[in-house]
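Subject: The structure I promised you

Hi,

Here is the structure we talked about. Have a look at it first, and then read my notes below.

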Amino acid sequence: MATATTLSPADAEKLNNLKSAVAGLNQISENEKSGFINLVDRYLSGEAQHIDWSKIQTPTDEVVVPYDKLAPLSEDPAETKKLLDKLVVLKLNGGLGTTMGCTGPKSVIEVRNGLTFLDLIVKQIEALNAKFGCSVPLLLMNSFNTHDDTLKIVEKYVNSNIDIHTFNQSQYPRLVTEDFAPLPCKGNSGKDGWYPPGHGDVFPSLMNSGKLDALLAKGKEYVFVANSDNLGAIVDLKILNHLILNKNEYCMEVTPKTLADVKGGTLISYEGKVQLLEIAQVPDEHVNEFKSIEKFKIFNTNNLWVNLSAIKRLVEADALKMEIIPNPKEVDGVKVLQLETAAGAAIKFFDRAIGANVPRSRFLPVKATSDLLLVQSDLYTLTDEGYVIRNPARSNPSNPSIELGPEFKKVANFLGRFKSIPSIIDLDSLKVTGDVWFGSGVTLKGKVTVAAKSGVKLEIPDGAVIANKDINGPEDI
């Protein structure tokens with residue numbers, strides 16, 4: 001454990017001043033204060049581990065298990081119920097929909113047929129509970145940005161057959177870069193003075209909220225953690241069964257990298273342990289190698305399965321010292337620093353931790369309106385149980401690449417510019433720039449670019465079929 005004695009005198013003084021300042025912040029708990037000071041202490045002592053590139057090994061199939069090599073499942077519904085009775089589903093619900101022009105939590109953006117991310121998640125778990133007579137609870141980890149809204153939103157599920165629990169991740173003060181003082185002490189008392197410290201915080205927050213002990217008391221053993229915007233992150237009994245049989249305390253779902261995923265973290269074997277390697281940890285001279293699909297073939301989906309007693313043991317021992325991700329920001333012209341951690345980086349602290357190399361279908365994140373276009377189109381269908389399933393009529397295993405201009409960035413504008421979502425089952429790529437409006441029943445195939453000339457409105461007529469074309473004006477349609 002890094003203590004203040006390992007710091008330079010200047011840094012030790014910084015930390016002491018920070019401790020005094022943070023002690024006076026009444027908006028946060030003692031747990032949050034000590035968690036924050038610990039994080040800053042680790043950051044100042046520069047314990048960041050430098051990766052020795054020559055020691056990196058590609059994990060074997062024992063460490064990153066191919067999906068079809070997972071232990072076979074019993075067909076007996078009673079066995080399935082036993083498995084499900086040990087499970088808790090946790091969705092990371094701290095993010096706002098701001099990048100897509102929405103207010104409130106991102107999980108309340110409508111994905112399809114008027115249903116939000118949260119509606120679909122609830123439908124899926126309701127269906128499991130009904131089918132097997134079990135009671136899988138749903139936990140939502142909110143941030144102070146999403147807490148109040150989420151409490152109102154979950155009221156609509158009060159008659160469902162699921163226990164829904166919400167808890168908050170930590171709230172830490174942003175650090176003013178210049179003098180290392182907490183921003184809230186500088187008169188910035190609003191939300192801008194604070195930040196949620198990344199999803200690595202899920203483990204201490206589960207513990208501090210009292211939820212962890214309550215779940216253990218109910219006989220729960222594993223938590224399935226995933227981003228609320230990943231439509232592919234559905235309960236997979238095959239993974240859960242494998243972990244219980246093999247006593248794996250942690251499993252990260254990884255999937256083969258495509259050119260779109262070159263920045264995603266990957267799993268490596270390092271000094272006999274499996275660990276996450278993120279692009280930020282890679283020395284400059286190896287970044288291109290990191291991005292290559294040849295050497296690092298898989299990336300982290302952030303679907304994680306973790307043993308609850310192991311979380312308790314490691315949090316109590318203060319053993320989860322994940323790599324710190326410094327995230328510099330600017331608030332009202334003041335340069336600030338946020339120190340964050342990621343849940344995937346915890347893999348190296350758990351016993352018998354593994355990766356599972358899962359099908360791409362388990363990674364379907366909606367980060368932008370271009371992703372919404374995919375999931376609202378005929379490329380996917382929605383089942384009654386709330387599952388978004390890829391249309392088997394598409395032969396190409398990868399999805400079309402879609403680039404929409406800034407006019408489409410906000411959900412409201414995106415919906416306004418499509419009278420109906422085009423058919424894209426045979427589309428390879430679409431690039432749209434400028435003031436473009438789509439009629440209803442449009443079909444796009446092959447490679448299509450639509451570029452409206454500056455200051456000109458370009459309308460694609462109802463029922464148009466556009467295959468392998470560059471369209472710059474009505475005459476090209």
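Which residue in β14 does Thr266 stand opposite? Thr266 faces Leu277 there.

Before going on, a word on where this comes from: it is a predicted model, where local features need pLDDT of at least 70 and side-chain atom pairs count only at pLDDT 80 or more, while totals for chains, interfaces and linings use all residues. Residues are numbered from 1 along each chain as its sequence is written, and side-chain values use heavy atoms, with hydrogens and water left out.

**Two sheets**

Thr266 belongs to strand β13 (residues 266-270), which pairs with β14 in the antiparallel sense over five bridges. Strands here are DSSP runs of E with at least two residues, helices are runs of H or I with at least four, and both are numbered from the N terminus. Two strands pair if DSSP finds at least two bridges between them. The sheet itself is open, has three strands in the order β1-β13-β14, and pairs antiparallel. β1 (56-57) and β14 (273-277) are at the edges with a single partner strand each, so one side of each has no neighbour in the sheet.

There is also an open, antiparallel sheet of three strands in the order β9-β17-β16. Its edges are β9 (175-176) and β16 (325-331); each has a single partner strand, so one side of each is left without a neighbour in the sheet. β9 pairs with β17 (residues 334-340) over two bridges, in the antiparallel sense, and Leu175 has Leu337 in β17 as its bridge partner.

**Spaces inside**

Now for the holes. On a 1 Å grid over the protein atoms alone, a cavity is a set of points where a 1.4 Å probe fits but cannot get out; a pocket is an open set with protein on both sides within 12 Å along at least five of seven lines; and lining residues have an atom within 4 Å of a point. Grid points are joined across faces, edges and corners, and a volume is the space filled by probe spheres set on the points.

The structure has two cavities of 30 Å³ or more. The largest has a volume of about 60 Å³, and its lining includes Lys91, Phe117 and Ser228. Helix α4 (residues 117-132) gives the most to that lining, with four residues. The second largest cavity has a volume of about 50 Å³, and α4 again gives the most to the lining, this time three residues. Among the residues lining this second cavity are Val89, Phe224 and Tyr387.

The second largest pocket holds about 540 Å³ of space. Of its 23 lining residues, the closest to the centre are Gly35, Tyr172, Pro204, Asp318 and Leu320. The largest share of the lining, seven residues, comes from α2.

Is Ser107 buried or exposed? Ser107 has a relative accessible area of 1%, so it counts as buried (buried is under 20%, exposed over 50%, partly exposed in between, with a 1.4 Å probe and protein chains only). Leaving out residues up to four places away in sequence, Ser107 touches Asn93, Thr116, Phe117, Leu118 and Ser228, where touching means heavy atoms within 4.5 Å.
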